[in-house]
Amino acid sequence: MSSGIDPYDHLCIFLNPDGTLTRFWTLPKKKANPIATIGEPVVSKDHTLNAEKKTHVRIYMPTIKLPPNDDTRIPIIIFYPFSNWYFSMWDTESNDRIASELACQVPAIVVSVDYRLAPENRLPAQYHDGVDAILWVREQALNPNGEQWIKDYGDISRCYLYGHGTGGNIAFFAALEATRMELEPLKIVGNIMNQPLFGGIVRTDSELQHSTDPLHPLCVQDLIWELSLPIGENRDHWYCNPIVEGPHTSAISKLGKCLVIGFGEDFMFDRHQEFITLLMRHEVQIEALFHDSGFHAIDLAVPEWADAIVESVKDFIAEAENKP
């Protein structure tokens with residue numbers, strides 16, 4: 001079905017003898033902009049998340065007039081960008097646009113996370129980085145010398161985890177880990193999973209239907225998981241297939257309200273339906289938003305879809321906070 005396609009060529013990567021990747025594909029980068037200019041709706045700045053792991057965060061804050069007091073604090077969105085596990089997106093122009101729109105439109109402080117990449121760092125390293133970001137936000141709010149934007153304008157009792165693609169997978173597992181932690185006064189009010197990347201050994205109908213998808217043929221999907229799962233594990237490991245019983249299962253019922261976003265022409269469509277059924281079985285309060293058309297990660301390619309999803313996230317947060 002997907003024979004004749006070299007998945008390494010398709011992804012523009014080369015696997016080196018030492019197990020690292022050479023990545024030949026690049027996207028335009030965007031530097032942080034910490035000083036607002038006239039008409040600039042959002043400012044941003046970079047911080048080190050973990051020096052040893054070489055991870056970072058980029059914080060986005062709207063430039064709307066906000067006096068630093070408790071009555072005008074805004075929610076905090078911890079955002080895990082798309083990566084397909086192997087490609088960093090956190091400081092690209094496309095990710096900057098998405099994070100900036102979130103900050104401006106919700107409005108919210110957005111903390112975009114630079115997590116480690118596979119295969120140099122295999123799962124669950126990315127989940128650890130996801131949790132690091134949650135703890136970092138908490139530390140900034142409580143530390144007298146913490147990040148000023150979070151201390152003065154952010155409300156850590158109104159935090160949301162939001163992930164796109166592989167980032168949606170991270171948001172799910174980071175949220176599960178957070179249920180086992182003492183985070184007060186930080187509170188995760190909701191979890192937003194936009195086209196979360198999952199898989200499994202047995203092919204679904206939507207995977208077979210899109211087996212020769214020009215962007216994500218089956219052989220490429222398989223390689224992505226081969227490079228990211230722990231060595232020796234297959235696609236029915238719970239990191240890839242959360243339907244499988246695992247140590248994560250007991251925490252699912254403890255999740256806060258969830259929004260799952262999907263598209264009808266995504267090869268992941270059936271996986272997303274199974275995921276929603278899993279959440280419902282564990283009595284998680286869930287909102288499922290599916291569009292009839294649209295391919296996987298269409299919002300990275302079509303700005304109109306990116307704007308529509310930002311609007312959906314804004315509505316979800318407003319509803320979670322009982323705003324009109």
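Author: The second largest pocket has a volume of about 240 Å³. A pocket here is an open set of points on a 1 Å grid over the protein atoms alone, where a 1.4 Å probe fits, with protein on both sides within 12 Å along at least five of seven lines. The volume is the space filled by probe spheres set on those points, which are joined across faces, edges and corners. The model is predicted: local features need pLDDT of at least 70, side-chain atom pairs count only at pLDDT 80 or more, and totals for chains, interfaces and linings use all residues. Residues are numbered from 1 along each chain as its sequence is written, and side-chain values use heavy atoms, without hydrogens or water.

The lining counts 14 residues, and Ala178, Thr179, Leu183, Lys187 and Ile188 are the closest to the pocket's centre. Lining residues have an atom within 4 Å of a point. Two elements, α5 and β8 (188-194), each give two or more residues. Both are DSSP runs numbered from the N terminus: helices are H or I with at least four residues, strands E with at least two. By class, seven lining residues are nonpolar, three polar and four charged. Ala, Val, Leu, Ile, Met, Phe, Trp, Tyr, Cys and Pro count as nonpolar, Asp, Glu, Lys and Arg as charged, the others, Gly among them, as polar.

Now to a neighbour of some of these residues. Ile134 touches Ala178, Leu183 and Ile188, among others. Its other contacts include Ile78, Tyr80 and Leu161, leaving aside residues up to four places away in sequence. Contact means heavy atoms within 4.5 Å.
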